[in-house]
Amino acid sequence: MADVLLEARDIVKHYPVTRGLLQRVVGWVKAVDGVSFTIERGKTLSLVGESGAGKTTIAKALLLLERLTSGTILFEGKDLYKFSSAELKKLYRPRVQYVQQNPWSSMNPRMRIRDIIAEPLEINTQMTKKEVRARVAELLTQVGLNPDHIDRYPHEFSGGQRQRIAVARALALNPSLVILDEPVSALDVSIRAQIMNLLKDLQDQYKLSYLVIAHNLATVRYMSHDVAIMYLGQFVEYGNAEEVFQNPIHPYTKALISASMLTLPEEGKEQPQQIILSGEMPSPLNPPPGCRFHTRCPEAKESCSQEVPVMVAVGSKHFVKCHHH
């Protein structure tokens, strides 16, 4: 049986839209609208979708920066919202860490690297200054940086090196889950593979779980064990990453993979036709009725605009929400 670290059950996050001096609620932005998933210990789940699909809102909910409208998040089998303040401080917050997208803006330029990495240790532990410095040097070594550079400032490092520093800071408290927000998109192409390999090596070494938010499907395919394709606050396809990439079923997943040009055609075979979606993603304030993708779907029929599809299993660990399946 799978060793589940975190489980989300039918989570919903709606933001009120207010108007006037009295701040009257006139509508709700349905940022996340009923999604369920699990993150296994030592595995990676990636969330893929356009801007506004709800990926970052899920990350914020797991980081306790947003409180859910409804739904349940279980961490090691225990309801996150039933943790006491002391339990959250001791058992949850240190074990769920975050690496931001941009290594240039995620660090205080006036702080030395030793202080940036040491900050979570000083806040959450009773370690002495000597122990903290030794731990920071150890973390720099783990992410492939020279511990002799511990007293340097962020501007003295390249983008790839800064992202390694961000990873070191996230690892300081020995987390179980690391949320990676576009971890390589701000880096040069030549550096991306190095950072992805580092993350995979650290995962194998410490049995880390990752939640990856990404647009680049090549990154997702390389790093992920499971993948969830999001559209307008909902999952449209979810399951084993290789199975989803090898056998995409939802028209939106097909279009994303088509646009990413993940593979070259085999010799003698015809170049696969690229799928071009029309229009833009509708507003989450007023999502379309029926299937939310029907306004852009090249396979849409009349029933798609009237009936809401349900998530159905198409394999041992492959699910899709589409009337055409």
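1. Thr44 has Tyr210 of strand β8 as its bridge partner. Strand β3 (residues 44-48) and strand β8 (residues 209-214) run parallel and are joined by five bridges. Strands here are DSSP runs of E with at least two residues, helices are runs of H or I with at least four, and both are numbered from the N terminus; two strands pair if DSSP finds at least two bridges between them.

2. A word on the model before going further. It is a predicted one, in which local features need pLDDT of at least 70 and side-chain atom pairs count only at pLDDT 80 or more, while totals for chains, interfaces and linings use all residues. Residues are numbered from 1 along each chain as its sequence is written, and side-chain values use heavy atoms, with hydrogens and water left out.

3. Now the sheet as a whole. It is open and mixed, with eight strands in the order β6-β7-β8-β3-β9-β10-β12-β11. At its edges are β6 (96-99) and β11 (311-315), each pairing on one side only. Neighbouring strands are turned by 20° against each other on average, direction ignored.

4. Two helices deserve a look alongside it. Helix α1 (residues 55-62) lies across β3, β6, β7 (177-181), β8, β9 (226-231) and β10 (234-240), and runs at about 150° to β8. Helix α9 (residues 251-260) packs on the sheet too, touching β3, β9 and β10, with its direction at about 105° to that of β9. Angles run from 0 to 180 degrees between N-to-C directions, using lines fitted to C-alpha atoms, for helices over the stretch in contact; contact means heavy atoms within 4.5 Å.

5. Please check Asp33, in strand β2 (residues 24-40). Asp33 counts as buried because its relative accessibility is 17% (buried is under 20% relative accessible area, exposed over 50%, partly exposed in between, with a 1.4 Å probe and protein chains only). Its side chain makes a polar contact of 2.3 Å with that of Arg292 (N or O atoms within 3.5 Å; within protein, one able to donate a hydrogen and the other to accept it, and residues adjacent in sequence counting only if both atoms are side-chain atoms). Beyond four places in sequence, the residues in contact with Asp33 include Ile11, His14 and Gly233.

6. Finally, the aromatics. There are eight aromatic pairs, where rings of Phe, Tyr and Trp (its six-membered ring) have centres within 6.5 Å; planes under 30 degrees apart are stacked, over 60 edge-to-face and the rest tilted. Phe83 and Tyr92 are edge-to-face, because their planes are at 65°, with ring centres 6.3 Å apart. Phe83 is buried at 10% relative accessibility, and Tyr92 is buried at 1%.
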